[in-house]
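Q: I have a structure open and would like to go through some of its local features. Could we take it piece by piece?

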Amino acid sequence: MNKTLSVSAIQNGTVIDHINSGQAFRIVHLLGLLDKKYKVTIGVNLPSKTMKLKDLIKIENYTLTNEEANDITIFAPNATINVIQNFEVVNKVITSLPASISEVFICPNPVCITHSEPVNTHFNIETQGKQVKLICKFCEKEFDRNQVTVKI
Ligand SMILES: [Zn+2]
């Protein structure tokens, strides 16, 4: 395991590991990390024994809220989230898929009312086997997690 390698480099903060490859930047947008000016290190397509390739995000001097940690599982169901203090893992955050998510996503349906009215988007989240589906509250259409885009 290259776990030590992954978590040893920051003194304090949060390490999000075992992110499905290709999803790291979506999570960075989802959490609004660029706007918040945190020092963020992103690794993409890193070798992983369990996933072949994985992405990794290290956020210095910030601990994710439970809500943020749960939101990550929409894009990265197998993510491991470790809180680091003085280079040691002090907490492994237990996540669960949220039942719904508001505001952060744009509805992929071009005729959805959310594009023309000043309303916050809202998606209910359901799992079908290993698939995560997002259902728009307004147009009631169902989308794969890879179809929705994060508002920037
Ligand atoms: Zn919609």
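Predicted model: local features only at pLDDT ≥ 70, side-chain atom pairs only at ≥ 80, totals over all residues.

Q: What is the phi of Asn45?
A: Asn45 has a positive phi of about 55°, although it is not a glycine.

Q: And where does Asn45 sit?
A: Asn45 belongs to strand 2, which covers residues 40-48. Asn45 is partly exposed, because its relative accessibility is 44%.

Q: What about the phi of Asn61?
A: Asn61 is not a glycine either, yet its phi is positive, at about 60°. Asn61 is found in the loop between strand 3 (52-60) and helix 3 (66-75).

Q: Is Asn61 buried or exposed?
A: Asn61 has a relative accessible area of 60%, so it counts as exposed.

Q: Back to the strands: in which sense do strand 2 and strand 3 pair?
A: The two strands pair in the antiparallel sense, over 7 bridges. A hairpin of 3 residues joins strand 2 to strand 3.

Q: Which residue is the bridge partner of Pro47?
A: Leu53, in strand 3, is the bridge partner of Pro47.

Q: New topic: how many aromatic pairs are there?
A: The count comes to 3 aromatic pairs. One of them is Phe75 with Phe105, an edge-to-face pair with 5.6 Å centre to centre and 85° between the planes.

Q: What does that pair tie together?
A: Phe75 lies in helix 3 and Phe105 in strand 7 (residues 105-106), so the pair ties together parts that are 30 residues apart in sequence. Both Phe75 and Phe105 are buried.

Q: Which residues form the aromatic cluster?
A: Phe75, Phe105 and Phe123 form one aromatic cluster.

Definitions and conventions
Residues numbered from 1 in each chain as written. Heavy atoms only, no water. Helix = DSSP H or I, 4+ residues; strand = E, 2+ residues; numbered from the N terminus. Buried < 20%, exposed > 50% of the residue type's maximum accessible area, 1.4 Å probe, protein only. Pairing = 2+ DSSP bridges. Phe/Tyr/Trp six-rings, centres within 6.5 Å; stacked < 30°, edge-to-face > 60°.
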